[in-house]
Amino acid sequence: SVFPNAIEGSCGWHIVDRGWHSHIRACIAKAYRPHWNKIVKKIHTWIYSWMKPGFVEDPDEYEISKALLIRFICSDVVLRAARNNKALIIDILKFVRSHVFVYEQQYLFYLRKRVKHYAVAHGTQHEGTNTALKEHSAGIKGTMNMDIAAKTIILQSKLKVEELNAMIYRDFSRSDKPWSISPTSKHLLSFAEALLKAVRER
């Protein structure tokens, strides 16, 4: 099977930020928007904390944190920030219950904290097996189809080849190697000369 030791997870940003953007419509007057944005950020940060180390470490802590989040959403502080719009509060409750909690098996950190992943994660098989493919200036995205992803990988390879060629040419054109007194130093690349120097000094 493909990736037999892999575990399935979900992107926290898509669950929280994009989910909020899709399901919450807050019509807050401009004068009160900064305070409302602080409340929204607090709710988002609260949910994100379940996905990170150092916060909830077991099922009991998670259930307590969930209950406290619900109480916070229903509190007078949030209601005042929402300008007493109870329908907005109900929408937020629906969002966390129907569009966040349903993915808890995929985002909870304590469920995967013992899995060795070496900071490697991707959304699709063709997206690559390390973060360099995604964080490249011409990175692969999860929304790409197979053809575009393959072309992107080829582009990355071509850019890398050009980079290596430039490094080799720069090294070859610079014949001075003050760290080596061997007569071969003027005719070899630094890597090759370093290997010979190491062998001679044994």
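**View A. Helices H1 and H2 cross in a right-handed way.** Here, right-handed means that the near helix is turned clockwise from the far one by less than a right angle. This is a predicted model, where local features need pLDDT of at least 70, side-chain atom pairs count only at pLDDT 80 or more, and totals for chains, interfaces and linings use all residues. Residue numbers start from 1 along each chain as its sequence is written, and side-chain values use heavy atoms, with hydrogens and water left out. Helices are DSSP runs (H or I, at least four residues), numbered from the N terminus. H1 covers residues 12-23 and H2 residues 33-49; their axes come within 10 Å and cross at roughly 155 degrees. That makes the pair roughly antiparallel (angles over 145 degrees). The axes are lines fitted to C-alpha atoms over the stretch in contact, with angles from 0 to 180 degrees between N-to-C directions.

**View B. Tyr-107 belongs to the largest nonpolar core.** Such a core is a set of buried Ala, Val, Leu, Ile, Met, Phe, Trp, Tyr and Cys residues joined through side-chain atoms within 4.5 Å; buried means under 20% relative accessible area, with a 1.4 Å probe and protein chains only. It has 35 residues, and Tyr-107 is listed with Trp-36, Ile-43, Ile-47 and Trp-50 as touching the most other members. Beyond four places in sequence, Tyr-107 contacts residues including Ile-15, Trp-50 and Arg-112 (heavy atoms within 4.5 Å).

**View C. Ala-194 sits in helix H10, residues 190-200.** At 35% relative accessibility, Ala-194 is partly exposed (between 20% and 50%). Ala-194 and Trp-179 are 15 residues apart in sequence, with their C-alpha atoms 9.2 Å apart.

How values were computed:
Helix = DSSP H or I, 4+ residues; strand = E, 2+ residues; numbered from the N terminus. Parallel < 35°, antiparallel > 145°, perpendicular 65-115°, else oblique.
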